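My entries follow the order in which I looked things up.

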Amino acid sequence: MTVFEYLMVMTSIVLAVALTQLLRGMTEVWRSQHRYWPQLSWAIVLSVVTVQIWWAFWDLHQVEEWTAYGFVTILCFPVLIYLATAILMPQRQAIDTDWREYFVAQRRDFLVLLAIFAIASMLLSWALLDLPLSHPYRLWQASMALLVLSGIFLTGERYHYWLPWIFLAVLIASQVLFRSRPGAFLAT
């Protein structure tokens, strides 16, 4: 087993726990009479992001020398996604939970974690993979960060119905262009 494989076990476990909580939470919200579509939409987006992180971490196999600092750095990404998941889909809510009220109360904390994640993503490939900040993928990453930041400051309900879908469209477009196969990101 290589050092990379060893380190990816822990990140994979955290990502799997986050995905499990998302799927469980989506089921709970779906069964509720008071479901709230922006919350379910963000759960779908986080599910895609969780799988995308796991896929993107393949690029890290090129890191030749791992340190504790490097490991803690990459572990922060699954942890941030798990924390966002835990805020979006908390453990065991009452069947009559008003999910709109819950989401509106938690929206800022949830989006702050996603903003930190989006900004940190830009820095990770620069710090660990020596990918220049001028790489074309940065435009897509910056777009996602700005979308999430806009959701922190704009509170209109209609905007929050569309925000997760716009974010997802940008994410999918960036993945098709830059991450359609392992290592493609580094080849551009």
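I took a cavity to be a set of points, on a 1 Å grid over the protein atoms alone, where a 1.4 Å probe fits but cannot get out, with lining residues having an atom within 4 Å of a point. Points are joined across faces, edges and corners, and a volume is the space filled by probe spheres set on them.

The model is predicted, so I noted that local features need pLDDT of at least 70 and side-chain atom pairs pLDDT 80 or more, while totals for chains, interfaces and linings use all residues. Residues are numbered from 1 along each chain as its sequence is written, and side-chain values use heavy atoms, without hydrogens and water.

Searching the whole structure, I found two cavities of 30 Å³ or more. The largest cavity has a volume of about 300 Å³, and among its 21 lining residues the closest to the centre are Gln 52, Phe 117, Ser 121, Tyr 137 and Gln 141.

I next asked which helix (a DSSP run of H or I, at least four residues, numbered from the N terminus) gives the largest share of this lining. Helix H4 does, with six residues.

I then turned to Thr 50, which lies in helix H2 and counts as buried (under 20% relative accessible area, 1.4 Å probe, protein chains only) at 2%. Leaving out residues up to four places away in sequence, I listed its contacts (heavy atoms within 4.5 Å) as Leu 15, Leu 19, Leu 22 and Ile 81.

Definitions and conventions: 1 Å grid on protein atoms, 1.4 Å probe; cavity = no way out; pocket = protein on both sides within 12 Å on 5 of 7 lines; lining within 4 Å. Helix = DSSP H or I, 4+ residues; strand = E, 2+ residues; numbered from the N terminus. Buried < 20%, exposed > 50% of the residue type's maximum accessible area, 1.4 Å probe, protein only.
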